[in-house]
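Reader: I'm new to protein structures and would like to look at aromatic rings. Could you show me one and walk me through it?

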Amino acid sequence: MKNVLGKFGAAASAAALLVSASVVNAHGIWFAQRANQLGLIYGVGSDDLDMVKRLPLIKGVSGYDAQWNPVVATLRAAGPIVLVDSDEPVSAVAAWMDNGVWSKTPDGEWHKKGYDEVPNAIISERTMKFAVHLLKLPMPKGGVPILKDQVLQIIPVPAAIPEQLGKPLTVKILFNGKPAAGALVKQDFVNDPDQEPLKAAADGTVTLNVRNQGLNVIGATFVGPSDQPAKYKKIEYLATLSFVLPHAPE
């Protein structure tokens, strides 16, 4: 992917000043198991919205083996859901989505148009979604690298993820590979979407507690400057990191 904000990479710290409460409940993408297969989900909280009709908005999907070597992974519509396919064993998958330009009018309605077409808009933004899923724990030595196409990415530091809920986990939020100071982080994007987000420190780190003995979806939001200010005032990036902690044997 050509970095949509490559020329703003050096301005990540300045972009953090644009983070606001208005982005806290934005929709995101994440991976989760559906009927013993891995699906790509679009929504927020318990909302599992129509990903099939949004499939053309997915601009890239990647698979990785246990040493983080790329393997081919593809997406396919299977009835009402989107599943991940790969002919090779995968230890991690990633995807990114260009959700386009949206404007909100004073009546609370959202329109898929820019500020140039909706001049009375109170919000006008471009929205980009990113997701990384770890299929196998513990992770390979060295942890999660900076992945291709993940303009905003959540990386566990140090590399190990605790295998029990309630244990502390430190993550670093990266924007164009650099610390995203001020990014807003939720420890449970799916089960507690209205939680008060944590704010990333100057080095991009946040320490939270692992929330679930099962699927965990950590969400991070970061707002960067517009590259087309006449059309939208900001670019909102939302990234998720998902993984599953094993339950006790039956």
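Reader: Is Phe130 buried or exposed?
Author: Keep in mind that this is a predicted model. To count as buried, a residue needs under 20% relative accessible area. Phe130 has a relative accessible area of 0%, so Phe130 is buried.

Reader: What kind of aromatic pair do Phe130 and Tyr237 form?
Author: Tyr237 is buried too, with a relative accessible area of 0%. The ring centres of Phe130 and Tyr237 are 6.3 Å apart, and the planes make an angle of 20°. Planes under 30 degrees apart count that way, so the pair is stacked.

Reader: How many residues apart in sequence are the parts that this pair ties together?
Author: Phe130 sits in strand β9 (residues 123-134), while Tyr237 belongs to strand β17 (residues 234-244). So the pair links parts whose separation in sequence is 107 residues.

Reader: Which residues form one aromatic cluster?
Author: Phe130 and Tyr237 turn up again here.

Reader: How many aromatic pairs does a search of the whole structure find?
Author: One of them is the stacked pair of Phe130 and Tyr237. Searching the whole structure gives a total of 6.

Reader: And what is the pair of Trp30 and Phe189 like?
Author: Trp30 and Phe189 are both buried. Their ring centres lie 5.7 Å apart with the planes at 80°, and over 60 degrees is the cut-off that matters here. So this pair is edge-to-face.

Reader: Which residue lies over the face of Tyr115?
Author: Look 4.5 Å from the ring centre of Tyr115. The residue over that face is Lys233.

How values were computed: Residues numbered from 1 in each chain as written. Predicted model: local features only at pLDDT ≥ 70, side-chain atom pairs only at ≥ 80, totals over all residues. Heavy atoms only, no water. Phe/Tyr/Trp six-rings, centres within 6.5 Å; stacked < 30°, edge-to-face > 60°. Buried < 20%, exposed > 50% of the residue type's maximum accessible area, 1.4 Å probe, protein only. Helix = DSSP H or I, 4+ residues; strand = E, 2+ residues; numbered from the N terminus. Lys NZ or Arg CZ within 6 Å of the ring centre and 35° of its normal.
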